[in-house]
Number of protein chains: 2
Amino acid sequence: MAEQAAKSLSAEAGGRGAENRERIVAAADRLFYEKGFQATSFSDIAEAAGVPKGNFYYYFKTKDALLEGVIDWRRQCLKKLLETLNQSHDDPRARLMALLQGLCAGEDDIVRYGCPMGTLSAELCKSGHEMKERAQSLLEVIREWIAAQLQAIGRDDAPELAREILTRSQGVTLLAHAYGDHALLVEEMARVRHWVDAVLDGRPH
Amino acid sequence: MAEQAAKSLSAEAGGRGAENRERIVAAADRLFYEKGFQATSFSDIAEAAGVPKGNFYYYFKTKDALLEGVIDWRRQCLKKLLETLNQSHDDPRARLMALLQGLCAGEDDIVRYGCPMGTLSAELCKSGHEMKERAQSLLEVIREWIAAQLQAIGRDDAPELAREILTRSQGVTLLAHAYGDHALLVEEMARVRHWVDAVLDGRPH
DNA sequence: GTCTATAGCCGGATAGAC
DNA sequence: GTCTATCCGGCTATAGAC
């Protein structure tokens, strides 16, 4: 009976463990996004996730390990998003435009906290954090996806064009964030979309 | 004689004081740029400036006050730079292109630490720092200068175009920083310049 | 697996001698 | 004005009971 109780407790704890782990990552993900990595403490995360501080170290040895988990989580989310776009649009061009449109979906978040990939990369690069390459890989995932769509369209300048699209998008999100300007985000993203449209049509722009 | 000594000491101290103050600001400016504001401690600055920690509080009551001094210092440097451009080129278009060319001047710094205005704004916005508007004003200074050049050329879309130029430049510096990619900076900045050239010529681009 | 208590460190900031 | 010594608080991380 003692074993039974222990077992069911353990099983439940195992389930809870995975659940807890995910809760921690999700809470950290959000807080790292909102406040930045350095500015977020374990106390902040503990409070947000409803998990006691000391319990973190069962799941993550260090704060860096937690960051690693968060970045991988973001990559999964990103890939899921791109996969959704792949499935909901057959036309690569429609996919691309849907992505650019979608970047304005989380409008308020972007204005308040910037781009989840760009701001994280910037912070980690500046502080010389070992995880900066991993954050960079988030940008790389999206750049490669854009390039893939462009190549499917038949552009032989797909890599360069993808880089420019990413560059311009990042510029827009950075300035919208810096100025806290909602209209800037919407208007400049529209400009980017029109520019992409014109390029793909072979029109002057 | 005691008064005299005190006076000369005071005068010398005043001179030293101003010198020390400037040394502190210059050192902080550099470190805030290289490591970021939050990641830079007084100890770091003290070491770099050759001034004992405790002495800081004679010049700056808080770290925020020091940040304020650094931002104002950056604005002064920026205005000096723009004034130099004004004087070395009569043609507003030449001024503008000189600025865009000059952004690549500190190539290595930009690749390693990003744009001094953009990265600071991003960090302060994200952490919700009270000084974020002051950092934003740095971007505003440069945006207004660009708009002034465009207006002098006779563009009636000067404000919008200035914003777009700034947006694209920030995108380039962000990505070059995130990727640590020197070539990206040079190539994409060249693209921006060609685009500006084409727009000002009224050519398709 | 869970959680409490706390160690150990380093940050910004202060007091006060000189 | 200059500098030393130190406080206090929050941080990451650990030890160990349950």
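The structure is a predicted model, in which local features need pLDDT of at least 70, side-chain atom pairs count only at pLDDT 80 or more, and totals for chains, interfaces and linings use all residues. Residues are numbered from 1 along each chain as its sequence is written, chains are lettered from A and ligands numbered from 1 in the order in which they are written, and side-chain values use heavy atoms, with hydrogens and water left out.

We start with the two protein chains. Contact, meaning heavy atoms within 4.5 Å, involves 39 residues from chain A and 39 residues from chain B. The size of an interface is often given as the accessible area lost when the parts come together. Here chain A and chain B bury about 3,600 Å² between them, with 54% of it on carbon and sulfur atoms; this buried area is the accessible area (1.4 Å probe) that two parts lose on being put together, summed over both. On the chain A side, A:K126, A:R163 and A:Y179 supply 21% of the area buried against chain B, more than any other three residues.

A:R163 also takes part in a salt bridge, its side chain meeting that of B:E187 at 2.7 Å, N to O. A salt bridge is a side-chain nitrogen of Lys or Arg within 4 Å of a carboxyl oxygen of Asp or Glu, and the rule finds 8 of them across the interface of chain A and chain B.

Which element gives the most to the side of chain A that touches chain B? α9(A) does, with 14 residues. Helices such as this one are DSSP runs (H or I, at least four residues), numbered from the N terminus. By class, that side of chain A has 15 nonpolar, 12 polar and 12 charged residues. Ala, Val, Leu, Ile, Met, Phe, Trp, Tyr, Cys and Pro count as nonpolar, Asp, Glu, Lys and Arg as charged, and the others, Gly among them, as polar.

We turn now to the DNA. DNA strand C is surrounded by 16 residues, the closest being A:Y58, A:Y59, B:F42, B:Y57 and B:K63; a residue is near the strand if one of its heavy atoms lies within 4 Å of it. Of the atoms of DNA strand C that come within 4 Å of the protein, 72% belong to sugar and phosphate.

Key:
Helix = DSSP H or I, 4+ residues; strand = E, 2+ residues; numbered from the N terminus.
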